[in-house]
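The report below sets out what can be read from the coordinates of one protein chain, moving from single residues to the chain as a whole.

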Amino acid sequence: GIIYLGSGNYDVDPIITIENDVDIIGLDNSTVYVKANIVVTESASRLNSMTILYPEGGHVNFSSLVPPMGILGDSGIIAVNSNISVKDCIIQPNPAIFGADKYGKGIQIWNLYGSQDINPTIENNSIYNAETAIYYYSQAFGGAINGIIRGNTLDNNIYGITLRMHKECPTIDNNTISISSKDGIHLTYEDGELLTQRFSHITPTNVFTENNRNVYCDETGTEF
């Protein structure tokens with residue numbers, strides 16, 4: 001199904017859980033304000049055209065995590081084993097709670113143990129004031145996270161895009177990542193040919209506006 005949101009403030013329970021490919025489509029991101037953490041599980045949901053102002057968030061537990069643990073729900077959108085599409089959204093920690101402090105993750109996507117490859121689309125969003133704007137984590141013995149990160153504005157975050165483990169290789173295209181970032185794109189591991197594969201998916205159309213480090217690999221200690 002599809003849930004359409006008209007103009008207004010949707011100040012709901014701290015966590016909204018979406019399953020079964022339910023879409024949430026806002027009228028536009030300048031008049032629709034959702035104040036919650038949105039959790040998407042095993043779904044191909046679309047989240048379009050809204051402003052998400054997220055609170056602190058608690059832990060979200062999943063039985064397929066190895067070892068069993070919870071994912072910290074400190075994000076506007078938390079997607080697990082999901083081919084989500086997020087377009088034309090504004091995402092930031094709720095300034096009424098955090099003021100100007102940076103907090104959490106704008107979007108975090110996890111692919112857990114025993115999962116298939118996923119291909120999320122993150123396109124034309126603006127993410128502000130997060131510790132990490134977009135965070136991908138593919139757990140050991142899980143599928144890859146590929147897909148597209150395109151046309152986003154990532155401004156005043158500590159990290160722009162983090163690829164945390166060994167199987168995240170999205171196409172990163174035509175994004176603008178601002179001066180306030182510590183790393184525009186942060187890669188944790190070199191992992192043989194993975195670093196070369198990732199570079200082949202980072203296009204020269206991305207704009208880094210005087211980041212401390214544009215693309216940085218933590219394992220090698222090298223800026224690219």
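## Glu 123 and its surroundings

In this predicted model, Glu 123 is in contact with Val 86, Lys 87, Asp 88, Arg 150 and Asn 152, once its neighbours within four places in sequence are left aside. Glu 123 belongs to strand 13, and with a relative accessible area of 17% it is buried, because that value falls under the 20% limit. The C-alpha atom of Glu 123 is separated by 15 Å from that of Asp 28, a residue 95 positions away along the chain.

## Two asparagines with positive phi

Most residues other than glycine have a negative phi. Against that background, Asn 124 has a positive phi of about 60°, and Asn 81 has a positive phi near 50°.

Asn 124 sits in the loop between strand 13 (121–123) and strand 14 (126–128), whereas Asn 81 lies in the loop between strand 9 (75–80) and strand 10 (85–87). Which of the classes, buried or partly exposed, applies to Asn 124? With a relative accessible area of 41%, Asn 124 is partly exposed, while Asn 81 counts as buried at 17% relative accessibility.

## Asn 37 in strand 4

Asn 37 is placed in strand 4, which covers residues 32–41, and its relative accessible area of 0% makes it buried. Beyond its neighbours within four places in sequence, Asn 37 is in contact with Pro 14, Ile 15, Ile 16, Tyr 54, Pro 55, Gly 57, Gly 73, Ser 75 and Gly 76.

Among these contacts is Ser 75, which lies 38 residues from Asn 37 in sequence, although the two C-alpha atoms are 6.0 Å apart in space.

## Salt bridges

Side chains of opposite charge can pair when their charged atoms come close.

Asp 74 forms a salt bridge with Lys 105, with the closest N and O atoms 3.1 Å apart. Because Asp 74 lies in the loop between strand 8 (69–72) and strand 9, and Lys 105 in strand 12 (residues 105–111), the pair ties together parts that are 31 residues apart in sequence. Asp 74 and Lys 105 are both buried. Asp 173 counts as buried at 15% relative accessibility, whereas Arg 150, at 28%, counts as partly exposed.

In a further salt bridge the side chains of Asp 183 and Arg 213 meet at 2.6 Å, N to O. This pair, too, links distant parts of the chain, since Asp 183 is in strand 21 (residues 183–187) and Arg 213 in strand 23 (residues 213–217), 30 residues apart. Asp 183 is buried, with a relative accessible area of 0%, while Arg 213 is partly exposed, with 22%.

## The chain as a whole

The secondary structure of the protein chain consists of two helices and 24 strands. Along its principal axes, the C-alpha trace spans about 45 × 40 × 25 Å. A compact globule of 224 residues would have a radius of gyration near 17 Å, and the 16 Å of the protein chain therefore agrees with that expectation.

Of the 224 residues in the protein chain, 51% are buried. Among contacts with a separation of 6 or more, 66% are made by residues 24 or more positions apart. The accessible surface of the protein chain comes to about 9500 Å², and carbon and sulfur atoms account for 49% of that surface. As for charge, the protein chain carries 11 positive and 25 negative side chains, and the centres of these two sets lie 1 Å apart.

Terms used
Residues numbered from 1 in each chain as written. Predicted model: local features only at pLDDT ≥ 70, side-chain atom pairs only at ≥ 80, totals over all residues. Heavy atoms only, no water. Helix = DSSP H or I, 4+ residues; strand = E, 2+ residues; numbered from the N terminus. Rg over C-alpha atoms; globule rule 2.2 N^0.38 Å. Buried < 20%, exposed > 50% of the residue type's maximum accessible area, 1.4 Å probe, protein only. Contact = heavy atoms within 4.5 Å. Areas by Shrake-Rupley, 256 points an atom, 1.4 Å probe, with all protein chains shown as cover. Lys, Arg positive; Asp, Glu negative; His and termini not counted. Charge placed at Lys NZ, Arg CZ, Asp CG, Glu CD. Salt bridge = Lys/Arg side-chain N within 4 Å of Asp/Glu carboxyl O.
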